[in-house]
Amino acid sequence: MSKPVTSAELPCIQCNKCTHVCPQNMIDPTFSPRGYLLKALMGEGEALEAGPEIWQCLTCLKCREACPSSTDWVGLVKSLRQEAKEQDQCFECKHGRLMQILQRMMANPSLKQDRLGWAEGLQYAEQGEWFYFTGCLPYFDNMFTANSHTSIAQATLKLLNAGGVVPVLSNDERCCGYECLWNGDKETFSKLAKLNIEAIAATGAKKVVTSCAECFRTLKSDYAEEQELPFEVVHSVTLIAEWAREGKLRFKGDAETGVTYHDPCRLGRYEGIYDAPREILKAVAGERFTEMARIKGDAICCGVGNFSNCDANTKFLQHDRLMEAKGTGSEVMVTTCPKCRIHYGCYLDGRPIEPIDNLVVKDITEIAAEALEL
Amino acid sequence: MMNLIQDFASHLKEAGIIHTTENVTPYASDASFLTLGKPGLIVFPTTEEQVLEVVRYASEKGIALTPRAKGSSTAGASLACEGGVIVITDRLGTLNNFGRRLGLPPLHFFTAAGAEVATADLEAHRDDEMYARVGAGLSTEELDRMLQPLGWQSAVVPSSGWSTIAGNFATNAGGNGTPKYGTFQHVINRLRMVVSRPGGADVVEVTDRDVILGLGGGQGLYGIITELDTRVVPRLSKEELHSSVCACLIDDVEALGDVVGAFMVAMEEVTKPIIAEFMMADKGLFKAGDKLLEHPVIGPLMDYPQGSYKFVMMYQGKCEEMAQLEAVAGRFEQVSYQEVPPETFKILLDLRKAATGKSPGRVAVAGFEDIYVQDPRDLGRVLKAIYSITEGSLPGRPIGHQYTGGLVIHYRPLAALTRAEYQTAWELTQRLCKEICNERYNTVKRREHGLGLELYTLSSPEERVRMKSLKEEFDPANIFQPHLMSETPDIRFVGEHFKGYREA
């Protein structure tokens, strides 16, 4: 490693709590954050860098939730991935490196996009206080065909309109760069961050709303590490919950289908937003909203980190979570991350372990917009 | 040795048992930061049959085995010798139908006499001694997650709910519930264990409580546990629970210990707490501007004039079993008493837990020995000695558990995150124990997670005889943790091997 790992950076006390809660360890007993931290502390950092272990981590942050000494294992993984990338070692994104290619294309400053077709017939602006950051949703419809993804964007825009907001949509928006950042490609990430910040600032927007947990985390916290942001970033659930509280959006709480909620890692453990989605689901579904056993900080990851490590292990994790959702008696597992929906949708579509019938995964904006008949 | 290990690995491969001979460094230490060197082979059996196969082969070839659950021992209990074999047990009884450690396995309940009780009928047994049958790899936290919807919980809950129930038994852990129910050796009613036989292996079921008491705290010396019946108790409602905090403030630490010790003896005569914890109030536990210091109960409790000492005791139990506590406190002029809501009590417990290890930018030193004060009336001189030895050294504070008839003191010096200070702190704890744990103070050296590498040396002659007898009965091939029977354990601080550590 170019930079030695010091005990000051890794105050690990080897208690093993990280490994006990690690979803990868639940599948593969040889994967152990504690063990790798010991290796790092014992001066075997090079072995860490060279091995596949740093790509195996889902970066779900369950470990930090459990860690009594706030050891930043995920931060170590992130920095090791960047060092590996600098040496041309990179884990390939699944789907034929599709996401990596898409992001590099988008990082081209002269790229021209036509990405607003999905918004036809809905109200949006070219300049204004609010900016709706749609992320890669318009592209996903052509990439992951098990579900419609622009339906999330449409539902979000309808809800924003219903709340009295006519947001800016921009053809100059790019992918937020989440996958590059977590795959070690800091260079592409920084380019995307710069282009997006400029595109948003050019519209005069002071508030950016996202409907994706990963876009939210990336814009709010990772962009802020790149430069001071000229705007505030909110996830759509915060607004919808606030408007429901204020009576701007009136849900009847009479949903006919049972719903449960899956906390995405980036919205939950990374950004601490647990209550807003639950408020919405209680408003929408009333008594038919049921919690799973593992919720909030204890929620389990969807099994895929930045489209890189989708394998047989992932399918077992997804099967486990979907069965947990089904165990609540719900017909719908709701999430606030389109990528969680893609990954769970992939399981339900492909049924690699066994079929799980009568369960669908939906985005919270879709559920909320349907409930309001928007 | 290497050939033996390679042959063992080949055998495991043929038997379809997960193992590794390459990624072994992560198992060179545990939470003790002690080491005996790098092991040569790590085995991950998932069923009792696989454990049986591992033990049978090891017994036939004379290969030593170190059972290890989560490896959270702070006493070096789960370390193998250089090139040795570690058997990880946290998959036992915890896998789903697909062989993954996902979800939670089904629970079965039994009476003390061994009669199975259907889950639906559990409520009818609230007043009975009840046990849950669990796989060795299940953690207390997982068990409690399963018990919570039923309105029950584990009788003893160690502060580290992540440790496995078999590991808790092997280290004879205590925790919340210990003042009333005892340590783990007291709350296990039956266990299944894979043991060695000359040139082979066998599975035994142990139900004799006296034998179970002897096996508790055995640190894997007698075999590999695969299943246990562990005691469960009804979860008390807020209305049934009495939570209170007592404090004593005196400027002389010896006088403080005398008063507190006398109070503890008096309260034990008439109360029966489920939780009895204590800590010295210490502003060093808080970050500047910590909102907790504004808490109406905790703020004043943690406030004390400079130059004085404040001892804070936390008690929780059934209302009727704690009714006399206020009257006892009233007999001691310097002891204050206040009843607190369960929510506040939980914050206090969390603070007490934090006092064992966390402080901004610093970590507590693992591998630390505890001081077991056999008579609370000796607390004054013990506290005086602790403060005199640690004065001017690293920051730290006595904290601990009050068990019936004695108390366990952890003195956790806090080290900065540097190798040098970590080792200084570790050496300070060694000195503390050397000077305080003796007949003069009527104290004995204990370790929070069992005696670990010093199991044999710290045991009494009677205990050694018992250990040898159990070893002969359950491990005639002498393959389980043979190094723990050494009178001169080779204890090395793992920091000596930490090439990556740098001075700050």
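This is a predicted model: local features need pLDDT of at least 70, side-chain atom pairs count only at pLDDT 80 or more; totals for chains, interfaces and linings use all residues.
The axes of helix H7 (residues 253–270) and helix H12 (residues 379–390) of chain B come within 6 Å and cross at roughly 145 degrees. The crossing of H7(B) and H12(B) is right-handed. On the H7(B) side, the contact is made by Val253(B), Glu254(B), Leu256(B), Gly257(B), Asp258(B), Val260(B) and Gly261(B). H12(B) contributes Leu379(B), Gly380(B), Arg381(B), Leu383(B), Lys384(B) and Tyr387(B). Sorted by class, the residues of this contact are 6 nonpolar, 3 polar and 4 charged. As a general point, an α-helix has 3.6 residues a turn, so residues three or four places apart point the same way.

His401(B) belongs to strand S20, which covers residues 398–403 of chain B. Is His401(B) buried or exposed? His401(B) counts as buried because its relative accessible area is 10%, and the cut-off for buried is under 20%. The side chain of His401(B) is joined to that of His410(B) by a polar contact of 3.1 Å. Tyr372(B) is 29 residues from His401(B) in sequence, and the C-alpha atoms of the two are 9.7 Å apart in space.

Thr140(B) is part of helix H3, residues 140–147 of chain B. Which residues does Thr140(B) touch, not counting those up to four places away in sequence? They are Ser154(B), Val156(B), Val157(B), Pro158(B), Gly161(B), Ser163(B), Ile165(B) and Asn168(B).

I now move to chain A and its sheet. Here 3 strands form an open sheet in the order S4-S5-S6, with parallel pairing. The edge strands are S4 (259–262) and S6 (360–363) of chain A, each of which pairs on one side only. Direction ignored, neighbouring strands of this sheet are turned by 35 degrees against each other on average. Between S4(A) and strand S5 (residues 332–335) of chain A, the parallel pairing runs over 4 bridges. Within that pairing, Thr260(A) has Met333(A) in S5(A) as its bridge partner.

Which helices accompany this sheet? Helix H18 (residues 338–350) of chain A lies across S4, S5 and S6 of chain A and runs at about 165 degrees to S6(A). Helix H19 (residues 364–371) of chain A also packs on the sheet, where it touches S4, S5 and S6 of chain A. The direction of H19(A) makes about 80 degrees with that of S6(A).

The buried residues of H16(A) are Ala276(A), Pro277(A), Arg278(A), Ile280(A), Leu281(A), Val284(A) and Ala285(A). These buried residues pack against helix H14 (236–246), S4, S5 and H19 of chain A. Just after H16(A) comes Gly286(A), which takes a positive phi of about 55 degrees.

Finally, I draw attention to a lysine in chain A. Lys62(A) is found in helix H6, residues 62–66 of chain A. Lys62(A) counts as buried because its relative accessibility is 5%. What is Lys62(A) in contact with, leaving aside its neighbours within four places in sequence? The contacts are with Val21(A), Pro23(A), Arg269(A), Gly297(A), Asp298(A) and Ala299(A).

Terms used:
Residues are numbered from 1 along each chain as its sequence is written. Chains are lettered from A and ligands numbered from 1 in the order in which they are written. Side-chain values use heavy atoms; hydrogens and water are left out. Helices (H or I, at least four residues) and strands (E, at least two) are DSSP runs, numbered from the N terminus. Buried means under 20% relative accessible area, exposed over 50%, partly exposed in between (1.4 Å probe, protein chains only). A polar contact is a pair of N or O atoms within 3.5 Å; within protein, one must be able to donate a hydrogen and the other to accept it, and residues adjacent in sequence count only if both atoms are side-chain atoms. Two strands pair if DSSP finds at least two bridges between them. Axes are lines fitted to C-alpha atoms, for helices over the stretch in contact, and angles run from 0 to 180 degrees between N-to-C directions. Contact means heavy atoms within 4.5 Å. A crossing is left-handed if the near helix is turned anticlockwise from the far one by less than a right angle, and right-handed if clockwise. Ala, Val, Leu, Ile, Met, Phe, Trp, Tyr, Cys and Pro count as nonpolar, Asp, Glu, Lys and Arg as charged, and the others, Gly among them, as polar.
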